[in-house]
Amino acid sequence: MLDFEFAKQFLKRVPLIPRAHGLARYARFRFDVAKANWVEARLGEAEDGLPVPSPELRYRVHGALDRASFFTIGRRCRRDIEGLLASVGQDMGRFEHVLDFGCGCGRVLRFFRDERGMGRLTGTDIDAEAIAWCRENLKSATWDVNQDLPPTRYADASFDFIYVISVFTHLDESFQFAWLEELRRILKPGGWAILTVHGKSLHGALKEDERKVLDQKGFLYKVDQTGRLKLDGLPDYYQTAYHTQDYVNQQWSRFFEVVRQVDRGICSNQDAVILQKK
Ligand SMILES: C[S@@+](CC[C@H](N)C(=O)[O-])C[C@H]1O[C@@H](n2cnc3c(N)ncnc32)[C@H](O)[C@@H]1O
C-alpha cells in the first residue's frame, strides 16, 4: 500500500502542485473571511460591551475566524494568568505597570480592564493594523508598534510584570534570544514574566523526524507557510516553535530565574513558564 506521507512528500516535489495547493488554500481562506464578515455584521454587541475586532484581525492572534472562541480564550487566559501569579504569591492588582508583549488585537488585555487597584497597562505588537484598532477601541491601555527585533522604546526596568501569550511559540532561536534579552532589560529587578511554549503535551503530534530534532536539541522550529499566500499575513519568520522543559531550564535561565514551568498552564494547551528577574 502506498504510504500517505510518502505520496504527500512526492507531490510536493512536483513544482506546480504546492503552488496550486497554496493558491487553493488562500482562495478558500478569502471565502471564509467574507463569510465570517457577513456573520459578524449580524451579531449584536460583545459580551463585555467593548468593540470587537474584525474576523481577520482575530484570525491573526487565534487561527480562527469566529467570535465566540476569541472571547472564550481571552477570558480564560486572564483567569490562568491570575492563577499562575497567585501560585507564586503575586497579584495583578499590585503591579504598577504591566506589559502584554505580542498583544495582537487585545484578545487578553481587554479582559484586564476592570482589575482592581491595577496600575498602567501597555500592549505592544509588530502588527500595526491590530495596534491601530486597539488604540481606537480599547482605551484602558496604551498601545505600541514594535519592530521585528529589539529594542522597544521602553526604558530599562519599566515593567513589574510582562506576559507573553503564544509568541515564543512562533519564533526561531535568534529571535527568541534577542527578545528574552530585551524583556529582561525592560523588566524591573524582582519583576515577573509569564511566557508560553508548546510543551510536551503538544509534542505527540510531531512527525518522527521532527521529534528527533526536538529530542536532540530541545528546540524545534517548524516552517510551514511563507510568502504572499501566508494566511495570517504575518512575516515569514513567524512559524511554529516547540521547546522541551530541559531546554527552557538551561537556555532561558541565562536571562531569568526559571521559577516554574506549568504543564498546559494556559488554556489547558500551551505550557506557562513563570520567570523572575533577579
Ligand atoms: C498567536 S498571536 C497571540 C496574540 C496575543 N498574545 C494573544 O494571546 O491574543 C502571536 C502574536 O505575536 C505577534 N508577534 C510576532 N512576532 C512578534 C515580534 N517580533 N514582536 C512582537 N510581537 C510579535 C503577532 O503579530 C501576533 O499578534
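**Questions on a predicted model**

Trainee: With 14 C-beta neighbours inside 10 Å, what does Ala157 count as: buried, partly exposed or exposed?

Mentor: Let's start by keeping in mind that this is a predicted model. A buried residue needs 20 or more such neighbours, while an exposed one has 12 or fewer. Because Ala157 has 14 C-beta neighbours inside 10 Å, it counts as partly exposed.

Trainee: Where does Ala157 lie, and what is its phi?

Mentor: Ala157 belongs to the loop between β3 and β4. Its backbone deserves a look, as the residue is not a glycine and yet has a positive phi, near 55 degrees.

Trainee: Which residues does a cis peptide bond join?

Mentor: Look in the loop between β3 and β4 (159–164), where Pro151 has its place. Omega is about 10 degrees at this cis bond, and the residues it joins are Pro150 and Pro151.

Trainee: Ser268 is not a glycine, so to speak of its backbone, what is its phi?

Mentor: Ser268 sits in the loop between β8 (257–266) and β9 (270–276). With 10 C-beta neighbours inside 10 Å, Ser268 counts as exposed. Its phi is positive, at about 50 degrees.

Trainee: On to helix α5, then. Which of its residues are buried, and on how wide an arc do they lie?

Mentor: In α5 (residues 128–137), the buried residues are Ala130, Ile131, Trp133 and Cys134. They sit on the same side of α5, because the arc they cover around the axis is only 155 degrees.

Trainee: Which exposed residues does the other face of α5 carry, the one turned away from its buried side?

Mentor: The buried side of α5 has its cover, which includes α3 (55–62), β2 (120–125) and β3 (142–145). On the face turned away from that side, the exposed residues are Ala128 and Glu136.

Trainee: How many bridges join β1 to β2?

Mentor: One place to look is His97, which stands opposite Arg120 in β2. As for β2 itself, 5 of its 6 residues are buried, so to speak mostly covered. Strand β1 (residues 97–101) and β2 run parallel, and the number of bridges joining them is 5.

Trainee: What is the C-alpha distance in space between Pro55 and Glu136?

Mentor: Pro55 has its place in helix α3 and counts as buried, because it has 22 C-beta neighbours inside 10 Å. Leaving aside neighbours within four places in sequence, its contacts are Val33, Ala36, Asn37, Glu40 and Leu65. Pro55 and Glu136 are 81 residues apart in sequence, and their C-alpha distance in space is 17 Å.

Trainee: How far apart are the C-alpha atoms of Lys278 and Ala24?

Mentor: Lys278 lies in the segment after β9. With 8 other C-beta atoms within 10 Å, Lys278 is exposed. Lys278 and Ala24 are 254 residues apart along the chain, and their C-alpha atoms are separated by 51 Å.

Trainee: Last one: which residues come nearest to the ligand?

Mentor: The shell around the ligand divides into 8 nonpolar, 5 polar and 5 charged residues. Of the 18 residues there, those that come nearest are Val61, Gly102, Gly104, Arg107 and Ile165.

Conventions:
Residues are numbered from 1 along each chain as its sequence is written. This is a predicted model: local features need pLDDT of at least 70, side-chain atom pairs count only at pLDDT 80 or more; totals for chains, interfaces and linings use all residues. Helices (H or I, at least four residues) and strands (E, at least two) are DSSP runs, numbered from the N terminus. The arc is that of the directions from the helix axis to the C-beta atoms. Two residues are in contact if their C-beta atoms, placed from the backbone, lie within 7 Å. A residue is near a molecule or strand if its C-beta atom, placed from the backbone, lies within 6 Å of it. Ala, Val, Leu, Ile, Met, Phe, Trp, Tyr, Cys and Pro count as nonpolar, Asp, Glu, Lys and Arg as charged, and the others, Gly among them, as polar. Two strands pair if DSSP finds at least two bridges between them.
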